[in-house]
Amino acid sequence: MLYIALIREEKQPHDYRVAFTPSQCQWIARHYPQVTIIVQPSPWRCFKDEEYERAGITLSEDLSHCQILFGIKEVPAEKLLPGKTYLFFSHTRKKQPQNQQMLKAILEKKINLIDYECLVHPDGQRILGFGFFAGVVGAHNGLLAYGRKTGSFSLTPVYACHDFKELINHYFGAKLPPLKIVITGSGRVAAGTLEVMGLLGIKYLPPEEYLINTYTYPVYTQLKAGELYLRKKDKTYSREDFHNHPDQYDCRFLPYVTASDILMNGVYWDERIPPLFTWADLAKDNFRIKVIADITDDKHGSVPCNIGDSTIEDPVYGVDRHTKELIAPYQKDSVDMMCVSNLPNELPRDASQYFGDQLMKYVFDDLLKSESTVIHNATIASNGALTERFSYLEEYVSA
């Protein structure tokens with residue numbers, strides 16, 4: 001018998017999500033009789049302990065008999081059980097300093113660490129992620145901030161809703177003023193923002209029409225990477241070349257700062273990629289954007305005025321366009337920033353359902369095999385050592 005555990009999220013602030021919902025645990029129990037799922041009790045998980053009990057799932061504080069442990073966020077070093085196999089988002093593969101000690105503890109305790117972020121399909125696309133719900137919540141929060149700034153409409157905060165279905169009910173009859181929204185990116189985050197545009201009946205316009213026309217109703221346009229970036233030497237775009245040589249590309253976003261009221265940013269970024277605009281652009285009189293929902297949330301990244309994270313409870317802060325200083329939001333000369341790093345935590349039940357579905361479809365069977373390329377390539381540490389694929393982290397854990 002293989003014992004699998006859903007661990008309690010211990011990282012502060014607490015995450016409400018979980019790898020498998022009660023109904024998904026039931027499904028696994030029916031279809032995998034050789035597997036038993038144990039749930040560690042939690043007072044803050046979005047699915048209550050009683051919901052798992054009603055589904056026939058055992059709750060236990062003691063997980064010492066479990067071989068595989070599923071979490072979501074990083075596990076504090078002192079909570080790690082020696083010799084186990086863990087799956088969670090470790091945020092170590094980019095040598096994040098805040099998780100250095102945790103990875104050291106994983107090696108010392110001879111834990112097998114499988115990182116969700118490193119699980120990929122054969123074509124290199126990530127299997128797991130919460131980007132869609134980050135896009136949904138980010139788009140909603142951006143609109144909510146614009147409504148508060150202008151006083152022209154109001155929306156219910158997402159975290160006040162039980163789930164996505166209740167959120168949608170709040171959209172019935174919502175009337176937005178004429179405004180122009182520019183959305184960047186084409187991945188899961190952008191898909192979530194487009195879902196909100198559709199639910200609110202906001203009309204799509206091709207970029208060229210969006211730039212030059214005015215409208216009496218709310219509109220949006222979407223800029224994918226090929227429309228945002230062109231190679232300097234020949235004004236073309238190649239996805240592979242862009243990811244390999246982003247410094248050889250120019251960003252073409254600037255015309256949209258004079259034509260847009262809200263920016264919803266979901267574009268991929270690393271430090272070699274030029275930002276969407278500069279601080280100097282932000283200070284100009286023709287910079288029209290009043291609210292930026294930086295959903296991908298890279299501090300000082302594609303949006304230079306992202307000067308740090310906000311929180312679910314207080315998601316918006318202001319930035320003075322001239323002094324670059326953090327100020328209270330909703331002031332006349334501020335650009336208001338929504339930069340929450342854990343947006344899907346506002347819709348934890350739906351996000352967990354989606355995440356568990358992907359786990360069951362594309363990962364679970366591989367996890368039960370004696371050998372799996374998918375699992376092997378996502379394993380950062382095994383039996384006290386870094387795997388070959390992640391040996392570049394040696395200096396990081398030795399420091």
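Which residue just after α3 takes a positive phi? Lys110 does, at about 50 degrees. The model is predicted, so local features need pLDDT of at least 70 and side-chain atom pairs count only at pLDDT 80 or more, while totals for chains, interfaces and linings use all residues. Residues are numbered from 1 along each chain as its sequence is written, and side-chain values use heavy atoms, with hydrogens and water left out.

**Helix α3**
- Helices are DSSP runs of H or I with at least four residues, strands are runs of E with at least two, and both are numbered from the N terminus.
- Helix α3 (residues 100-108) is largely enclosed by the rest of the structure, because 7 of its 9 residues are buried (under 20% relative accessible area, 1.4 Å probe, protein chains only).
- Among the buried residues are Gln100, Met102 and Lys104.
- The buried residues of α3 pack against β5 (85-88), β6 (112-115), β17 (379-382), β18 (385-386) and α14 (394-398).

**Asn141**
- Asn141 lies in helix α4 (residues 131-150).
- Asn141 is buried, at a relative accessible area of 4%.
- Leaving aside neighbours within four places in sequence, Asn141 is in contact (heavy atoms within 4.5 Å) with Val158, Pro315, Met338, Leu343 and Glu346.
- The side chains of Asn141 and Glu346 make a polar contact at 3.2 Å (a pair of N or O atoms within 3.5 Å; within protein, one must be able to donate a hydrogen and the other to accept it, and residues adjacent in sequence count only if both atoms are side-chain atoms).

**Helices α5 and α6**
- Phe164, Ile168 and Tyr171 in α5 meet Glu195, Val196 and Leu199 in α6.

How values were computed
Buried < 20%, exposed > 50% of the residue type's maximum accessible area, 1.4 Å probe, protein only.
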